[in-house]
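Reader: I would like to learn how to read a model of this kind. Could we go through it one feature at a time?

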Amino acid sequence: MRRRAAFKSIETRHHEERDELFRQLHNLDRRTFVKVSLAAAAAVTARGLAHPFSFMPIDVAYGATEPAQGFRIAYVSDAHLYERTINERFVRQLLRAVDDVNGLDPQPDFVLFGGDLAQLGAADELALGAQILKNVKAPVRMMVGEHDWYLDMGEKWRELFGQPTYSFDHKGVHFVVLNSVIEKDFWTERGMTPEQRMHTVAGLDNGIQSRFTVGDEQRAWLQKDLATVPKTTPLIVFSHSPLYKYYRNWNFWTDDADQVQAILKPFNKVTVVHGHTHQLLTNRIGNINFHGMLSTAWPWPYAPQGLPPLTIQMNRPDPFNPADGLGNGEVRVHPDGLVDKVYNLWNRDPIQISSTYMSSGGKKDVPAKPNLVSF
Amino acid sequence: MIRPTTVAVTSALVAAVVIAVLAGQHRAGAGENVEVKLCDNHTTTTVPGDQPVTRENGEKIAKALMDQWLRANPDSKAWMEEERSKHSIVNPADNSGLVGRGQGATYGQISGDDVATWREETLKLVVDGSTVFHSGDRLGSTIAVSCDMCHPDAANTHPETYPKFQPQLGRVALLRDMINWCIEHPVRGKTLSADDPNMRALEAYITAQRKGAALDYGRR
Amino acid sequence: MTGAIRIRPANAARALAAAVLLLCGRPLHAAEAAVGGPTHGALPMDQQVTRIDALLPEVNVDQPPAGVDPTIFALFVPSDNEMSPARVALGKKLYFDTRLSADGTVACATCHDVSRGFTDQRAVSEGIRDQLGRRNAPTTMNTVVFQSLFLDGRAPTLEAQAKLPIVNPIEMGQPNGAAAAQAIANDADYQRMFQDAYSRLPNYDDIGRAIANFERTLIFLNSPFDQFLAGQTDAISPQAQQGWVLFNGKARCVSCHPLNRSNPIGTDNRFHNIGVAARHQDFEKLARQALAELQKQGGLDAVDRMALSTDMSELGRFLITKNRSDIGAFRTLQLRNIGITGPYMHDGSMQTLWDVMDHYNKGGEANPFLDGGIEPLALSEDEIDAVVALLFSMTDQRFADQNQAMFDKQHTLAQTQRPFRDEALAMRHVFPFEQRVTGQQQ
């Protein structure tokens with residue numbers, strides 16, 4: 001369902017939304033209409049919210065009849081697993097995310113894992129993660145992160161999950177999954193062991209490592225892959241690093257971002273969904289929309305500079321709640337290929353960054369601003 | 001003073017090289033000794049030729065070489081350079097403008113030496129703090145968590161807001177109280193006493209990284 | 001009945017309880033049945049009045065009570081209801097007056113009984129016509145520093161809280177506030193007392209005010225624990241002292257139950273889903289149902305009714321805020337006098353403090369809305385005993401005998417049954433959510 005009105009007073013907004021909801025529902029068959037309208041109307045008037053996310057009465061309209069109406073995918077990201085006898089908290093939190101995703105009704109078309117399944121790239125960490133993700137009911141698409149890669153340069157990852165770079169089509173959308181954490185070799189000249197290399201990369205603020213790139217090889221692959229895709233086809237790119245330049249010191253950064261964006265630019269509707277940043281993050285560069293994913297392991301603070309202006313920050317996490325600032329979420333793809341990004345924050349209300357927010361440059365459908373900003 | 005972790009890391013490195021070198025060499029017979037040289041091309045030690053080429057022996061040889069090197073270079077600041085190459089550290093205030101000032105018994109005449117000493121000693125504690133901050137082992141973590149995982153470059157630590165009342169700590173918190181809470185819970189290590197060298201170093205580093213932020217005690 | 005309820009295969013008794021819940025819409029708590037009779041199980045009112053007079057022989061309302069920070073106390077006294085002897089006396093009379101109920105058998109003191117820790121020491125409370133509710137009655141002791149009242153915080157002040165049970169159909173059952181006022185309006189004593197207190201005739205709003213005023217005098221903060229905090233180390237046992245260390249450390253209690261001079265009772269005044277409600281419910285389905293009902297008939301009385309009489313009671317704070325993050329969340333209750341205010345939790349499902357510790361130790365009950373602060377604690381039996389010893393030391397001296405009797409009773413019961421204990425979860429061999437995810441449930 002498309003978002004519409006500009007920001008108005010609560011009361012006016014309620015009534016307009018409620019009226020529009022009924023207008024849009026009139027196309028449904030009677031049974032679905034009754035089921036949806038009661039719950040939806042209640043939700044809208046009772047709370048004044050445009051979107052009671054967890055009950056998703058609007059989405060009953062989606063899933064029930066025609067798939068061509070748009071679809072949903074869910075994500076779980078940045079689990080950073082240690083072996084369970086070393087650190088059980090991260091394992092527990094990934095299990096909780098899987099439970100959340102399994103509880104979605106209706107189920108998403110597939111679940112994306114956003115990278116950093118392991119913390120130190122160890123075989124047993126990756127195997128543990130793979131075993132847990134086997135319990136996801138929907139099909140799972142994997143994406144690699146730097147914590148998965150730099151112990152053995154992806155050997156175990158490939159064994160468990162196949163090639164890290166691939167593309168596929170789904171319901172009229174072309175999906176691309178990149179390995180966007182390629183770093184220039186910094187370890188050979190220093191004579192580092194694989195463990196040392198992994199430890200260096202694992203330190204977000206460790207300045208010895210190189211900046212992330214997509215790299216020449218993958219850019220060439222991307223160019224070739226997209227050559228046969230019509231420019232009107234919606235593109236959704238999954239990437240671990242953001243594919244733009246946010247904060248260099250923490251590798252919230254892709255060094256060849258400009259070149260990658262140039263390859264994506266000709267397409268009308270492009271959305272990049274990225275991991276690595278463990279926070280609510282929103283950006284738009286030209287016609288490309290960028291959305292971050294939440295982590296299940298720990299939240300990152302917002303960087304001291306470079307925060308994209310479109311970003312509505314999440315309320316700063318409370319250290320006394322280990323689950324705060326964490327969670328999972330969804331990407332809701334409209335029939336036209338633009339997406340609403342949903343952040344399902346644990347112990348908080350969900351936040352949706354809608355496609356109209358993005359295309360209006362942050363003027364329409366503005367989500368509630370945080371009342372406890374980072375400082 | 002060389003930090004233990006630096007020794008460990010360097011030793012491991014040297015050990016690896018030692019093993020590679022010994023393994024690649026023609027195996028000496030009994031009675032023949034092998035000379036192993038450190039990468040500075042100067043420090044050497046001798047090993048029996050028929051000693052098995054294992055990781056353990058490699059590490060022993062490496063340690064012997066490092067100990068020798070340390071004895072020859074007691075004031076090495078290599079560990080500080082190594083830490084600073086990994087993690088950015090804010091420098092302390094520049095006191096060079098004070099050179100030549102002062103009078104009387106206490107201040108005398110402030111010299112360049114004085115300024116350099118103040119700076120070096122301050123930095124030692126701060127850089128050591130950075131090492132502890134980034135090391136689950138030195139924090140005593142039983143779940144392999146270190147402070148930088150949630151606080152890269154000590155971001156979001158807000159030392160300038162202490163003292164402040166923190167209900168979940170049960171009292172008015174100073175920075176060290178919050179550090180200890182983090183050590184006990186997210187890091188799951190053993191809490192430090194207020195004058196523990198690691199605690200002092202951590203406080204120094206966290207405060208240093210926030211240089212310039214106005215004091216704002218009680219801010220939540 | 002769809003398979004919407006997740007039931008651990010190991011616990012047949014609870015499965016049965018859940019089934020009964022679905023069928024009859026009523027909680028099946030151990031040995032919970034209506035007591036009935038003229039007092040519904042409470043001590044007769046005249047005897048309660050004698051007791052309260054003995055407990056609080058003289059109340060000086062000109063001074064803030066001992067144990068509470070004066071600045072904080074002043075914040076909680078509303079400007080239209082300053083403390084006064086006349087108001088306290090009126091409130092006291094009303095608190096013990098069964099005429100305020102529709103059938104003349106229930107007063108505040110029925111469920112908030114002076115002889116039973118100012119609660120009723122039952123899992124859920126009983127009202128007129130022997131009807132049982134869904135929620136455990138919190139104690140009326142030390143309520144002055146609560147930022148909101150009721151387990152779901154639906155009343156912002158003591159004044160507001162006191163009025164609601166009077167008109168709740170299963171508690172005191174008056175059709176409306178006017179009827180309640182009418183029940184006592186012709187009493188000459190009341191007419192005089194209302195005049196003295198509020199310069200008005202008896203009316204519903206002032207009933208609430210007076211009772212609140214009286215409740216502000218019910219301060220019971222003089223316990224061995226307080227003496228220990230004041231510096232007398234031997235006031236509590238070494239075991240309880242170890243419990244205090246654990247409380248502030250490994251057991252993590254202080255995260256939600258802080259105790260300090262400005263807030264001496266051990267609540268953070270927030271709402272948390274600690275997974276008690278999750279044992280019986282399919283939250284998402286219930287929340288949808290609640291939204292639909294509230295749309296038909298919103299308003300505080302609808303919420304009040306739903307909170308006590310329907311399955312949706314388990315949604316807790318969500319009924320008030322309709323925030324997804326509040327599903328199954330209930331307010332943190334105080335720890336003061338906890339030894340004598342069992343059974344525990346919003347539904348009274350835990351009979352002993354050992355049960356409470358077992359629940360926390362294993363990380364609560366996994367559900368999508370579980371508070372992130374609830375995690376397996378890996379406490380040993382000795383550590384659990386230490387924290388329990390600490391909790392029993394928080395009972396006011398004036399109830400020392402009752403406290404000891406309660407301790408003995410709970411201790412004996414805990415030796416024979418620990419229904420919430422789960423060693424594998426507590427010691428982190430198995431994780432919360434793991435069984436749900438890997439499909440080891442029915």
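**Helices, sheets and chains**

Author: This is a predicted model. We start in chain B, where helix α5 (residues 112-133) packs on helix α8 (residues 197-209) at an angle of about 100 degrees, with the two axes 7 Å apart.

Reader: How is a pair of packed helices described?

Author: Two packed helices are described by the angle between their axes and the distance between the axes. Here, angles of 65 to 115 degrees count as roughly perpendicular, so α5(B) is roughly perpendicular to α8(B).

Reader: Which residues of α5(B) and α8(B) make the contact?

Author: From α5(B) come B:L125, B:V126, B:D128, B:G129, B:S130, B:V132 and B:F133. The residues on α8(B) are B:N198, B:R200, B:A201, B:L202, B:A204, B:Y205 and B:A208. Sorted by class, the contact of α5(B) with α8(B) has nine nonpolar, three polar and two charged residues.

Reader: How many helices and strands does chain B have?

Author: Chain B has eight helices and four strands. Along the sequence they follow the pattern α-β-β-α-α-α-α-α-β-β-α-α. Of its 220 residues, 30% count as buried. Among contacts in chain B with a separation of 6 or more, 58% are between residues 24 or more positions apart.

Reader: Which residues of helix α11 of chain C are buried?

Author: In α11(C), residues 238-247, the buried ones are C:A240, C:G243, C:W244, C:L246 and C:F247. Seen down the axis of α11(C), they fall within an arc of 160 degrees, so they line one face of the helix.

Reader: What do the buried residues of α11(C) pack against?

Author: They pack against α16 (381-392) of chain C.

Reader: Now a sheet. What is the strand order of the open sheet in chain A?

Author: The order is β3-β2-β1-β12-β13-β14, six strands with mixed pairing. At the edges are β3 (140-142) and β14 (351-353) of chain A, each pairing on one side only. On average, neighbouring strands of this sheet are turned by 25 degrees against each other, direction ignored.

Reader: How do β1 and β12 of chain A run, parallel or antiparallel?

Author: Antiparallel: five bridges join β1(A), residues 71-76, to β12(A), residues 327-333. For example, A:F71 has A:V333 of β12(A) as its bridge partner.

Reader: Which strands does helix α4 of chain A lie across?

Author: Helix α4(A), residues 88-102, lies across β1, β2 (111-113), β12 and β13 (339-345) of chain A. The helix runs at about 170 degrees to β1(A).

Reader: What do β4 and β5 of chain A form?

Author: They form a hairpin with two residues between them. In the turn, A:K171 has a positive phi of about 50 degrees. The strands, β4(A) at residues 166-170 and β5(A) at residues 173-177, run antiparallel and are joined by five bridges. A:D169 has A:H174 of β5(A) as its bridge partner.

Reader: In which sense do β5(A) and β6 of chain A pair, parallel or antiparallel?

Author: Parallel: four bridges link β5(A) with β6(A), residues 235-239.

Reader: Last, the chain contact. How many residues of chain A are in contact with chain B?

Author: 19 residues of chain A are in contact with 19 residues of chain B. On the chain A side, these comprise nine nonpolar, eight polar and two charged residues.

Conventions: Residues numbered from 1 in each chain as written. Chains lettered and ligands numbered in written order. Predicted model: local features only at pLDDT ≥ 70, side-chain atom pairs only at ≥ 80, totals over all residues. Contact = placed C-beta atoms within 7 Å. Nonpolar A, V, L, I, M, F, W, Y, C, P; charged D, E, K, R; others polar. Axes fitted to C-alpha atoms, helices over the stretch in contact; angles between N-to-C directions. Parallel < 35°, antiparallel > 145°, perpendicular 65-115°, else oblique. Buried ≥ 20, exposed ≤ 12 C-beta atoms within 10 Å, placed from the backbone. Arc of directions from axis to C-beta. Pairing = 2+ DSSP bridges.
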